[in-house]
Amino acid sequence: MKKIVRNKNIIILLLCITIIVLSVGFALISMRLSERIKNDKIYEVEIVNIQEGTAIKGGTILPTAVSDITNNGKTASFTFNLSAPDDTLTYIITIKNNGNLKAKIDGLSETPDYINNDNAANDIYPIILNHNDIKNQELNPGEEIKLTITVQFANSGVSINKTVPYEVSILTSCVE
């Protein structure tokens, strides 16, 4: 009888030691995993929001636009609809560095490029499109930058319904 009680006590003691060893091992693995996650370098810059700024009505119809974020947060797509002289639309694109590495805005890829390509600009005349220059801006982790796009119907005196498609993609690189 004493032998059975002694064997039970030994088994209980071994189980307690096993639980303690497993707890310590789990704690060590958890600490190493959290340290490794901290040390992982993540590079992620993306468009997180498109916000309508102002819409100025030059005629009887309010100018409108449809916007969408595509290409895994790298591209903002628009379709602008303007119809009268002095119609103006402003959109604010928020670009954020969601990674833990410093990033740089190398430039913008515009399709069609209404700003730098005279043929494309002539195709949409009397609409004028422009934006602020964010090229070479650096973003620290968690930092945001705003790209403001303005589309305006020139004061030509002639009302005409104009639909203007436009896409702008961000080109970025890691700064290390």
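Me: How many disulfides does the structure hold?
Reply: This is a predicted model, where local features need pLDDT of at least 70, side-chain atom pairs count only at pLDDT 80 or more, and totals for chains, interfaces and linings use all residues. Residues are numbered from 1 along each chain as its sequence is written, and side-chain values use heavy atoms, with hydrogens and water left out. A disulfide is a pair of cysteine sulfur atoms within 2.5 Å. The number of disulfides in the structure is zero.

Me: Is Cys 16 buried or exposed, or in between?
Reply: Buried means under 20% relative accessible area, exposed over 50%, and partly exposed in between (1.4 Å probe, protein chains only). Cys 16 has 42% relative accessibility, so it counts as partly exposed.

Me: And which class does Cys 174 fall in?
Reply: The relative accessibility of Cys 174 is 37%. Cys 174 therefore counts as partly exposed.

Me: What is the strand order in the open sheet of four strands?
Reply: Strands are DSSP runs (E, at least two residues), numbered from the N terminus. Two strands pair if DSSP finds at least two bridges between them. Strands E1 (45-56) and E6 (127-131) are the edges, each pairing on one side only. With antiparallel pairing, the order is E1-E4-E8-E6.

Me: Which residue in E8 stands opposite Ile 93?
Reply: Strands E4 (residues 88-97) and E8 (residues 144-153) run antiparallel and are joined by nine bridges. Opposite Ile 93 stands Leu 147.

Me: Which residue in E3 is the bridge partner of Ala 65?
Reply: E2 (residues 64-70) pairs with E3 in the antiparallel sense, over seven bridges. Their hairpin has four residues between the strands, and Asn 71 there takes a positive phi near 60°. The partner of Ala 65 is Phe 80.

Me: How many residues of strand E3 are buried?
Reply: E3 also runs antiparallel to E9 (residues 162-174), with eight bridges joining them. Asn 81 stands opposite Thr 163 in E9. Strand E3 (residues 75-82) is mostly covered, and of its eight residues the buried ones number six.
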